[in-house]
Amino acid sequence: MNSVIKKICGEIFPDGFYFVHRGQCPCCGKSTAFFAKTSWLRDSFICTQCGSLPRERALAQILKEEYPNFRDLKIHESSPDKRGLSAMLKVQCPHYLETQFFPGEPRGDIVHGFRNENLEEQTFADESFDIVITQDVMEHAYNPAKAFSEICRTLKRGGGSYFHSSPDKPKPANGCLGKGGRRRETCVSAFPGISREPG
Ligand SMILES: [Zn+2]
């Protein structure tokens, strides 16, 4: 690289790192530039059009491939973000439902514009959804097994659940209830997807 450009980039990006790549964004659908100014691409390699991150784009791509009719399906997303896949689903899917958990508020009610749902004790009827999505949520669950059990219960036969989970070091908010109900810090790097068998 030209030494002058290298010097300028070094001043703009103090970490001495930046990365640009052009391509098609599965979230906003635009031809765009993806840009990162840190080597932690998971949380910095954004689409310059919609701000989506790699994990959101990956999930959007998989969803489109496996459920080309996703716009017609009943989709539940727990704790959505305002960008990326969540924003895409909100605009394109009339049957998309966002939920957040507000402890202390009545479950199933609308609170601050969201249906109040505890992922581990949902008020939805069995087989309510075609697709359930969580993005960087499971690492905050106290009982991830219970959350997955509830997701399976609320999925229709043949439905699917998609999620990603943070590989970050444990934070104060991360944890689950271990044996005897004791809080246990966790560090979850990845889960495989789950689905309900048809029939
Ligand atoms: Zn985009």
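This is a predicted model: local features need pLDDT of at least 70, side-chain atom pairs count only at pLDDT 80 or more; totals for chains, interfaces and linings use all residues.
Strand β2 (residues 31-36) pairs with β3 in the antiparallel sense, over 2 bridges. Strands count as paired here if DSSP finds at least two bridges between them, and the elements themselves are DSSP runs numbered from the N terminus: helices are H or I with at least four residues, strands are E with at least two. Residues are numbered from 1 along each chain as its sequence is written.

On its other flank β2 meets β1, again antiparallel, through 6 bridges. V20 stands opposite F35 of β2. β1 and β2 make a hairpin with 6 residues between them, and G29 in that turn has a positive phi of about 80 degrees. Put together, the 3 strands give an open antiparallel sheet in the order β1-β2-β3. β1 (19-24) and β3 (46-47) are the edge strands with a single partner each, so one side of each has no neighbour in the sheet. As for β1, 0 of its 6 residues are buried, so it lies largely in the open. Buried, by the way, means 20 or more other C-beta atoms within 10 Å of a residue's own, exposed means 12 or fewer, and partly exposed is in between, with C-beta atoms placed from the backbone.

Zooming out for a moment, the protein has 4 helices and 12 strands. Of its 199 residues, 31% are buried. Contacts are C-beta pairs within 7 Å, again with the atoms placed from the backbone. Among contacts between residues at least 6 apart in sequence, 52% join residues at least 24 apart.

Now for the core. In soluble globular proteins, nonpolar side chains tend to be buried together. A nonpolar core here is a set of buried Ala, Val, Leu, Ile, Met, Phe, Trp, Tyr and Cys residues joined through C-beta atoms within 7 Å. The largest one has 33 residues, and C27 and I131 touch the most other members. At least two residues each come from β2, β3, α2 (54-66), α3 (84-92), β8 (129-135), α4 (144-154) and β9 (155-164). β8 supplies the largest share, 4 residues. Domain 1 (1-51) and domain 2 (54-195) both contribute, so this core lies between them; those bounds come from an automatic or database domain assignment.

What does C27 touch, leaving aside neighbours within four places in sequence? Its contacts are C47, C50, S52, E56, R57, A60, G84, L85 and M88. From that list, R57 sits in helix α2. Not counting residues up to four places away in sequence, R57 touches C25, P26, C27 and S52. R57 and I46 are 11 residues apart in sequence and 9.7 Å apart in space, C-alpha to C-alpha.

Helix α3 has G84, L85, S86, M88 and L89 as its buried residues. The cover over them includes α2, β4 (75-78), β5 (96-100) and β8. In α4 the buried set is A147, F148, E150, I151 and T154. Seen down the axis of α4, these fall within an arc of 160 degrees, so they line one face of the helix; the arc is that of the directions from the helix axis to the C-beta atoms. A145 and S149, on the other side of α4, are exposed.

S78 belongs to strand β4. Apart from neighbours within four places in sequence, S78 is in contact with T99, E117, L119, T134 and V137. Its C-alpha atom is 8.5 Å from that of L97, 19 residues away along the chain.

Two loop residues have a positive phi without being glycine. S79, in the loop between β4 and α3, has a phi of about 55 degrees although it is not a glycine. E127, in the loop between β7 (114-116) and β8, also is not a glycine and has a positive phi of about 55 degrees.

| Residue | Other C-beta atoms within 10 Å | Class |
|---|---|---|
| R57 | 24 atoms | buried |
| S78 | 25 atoms | buried |
| S79 | 18 atoms | partly exposed |

Conventions
Two residues are in contact if their C-beta atoms, placed from the backbone, lie within 7 Å.
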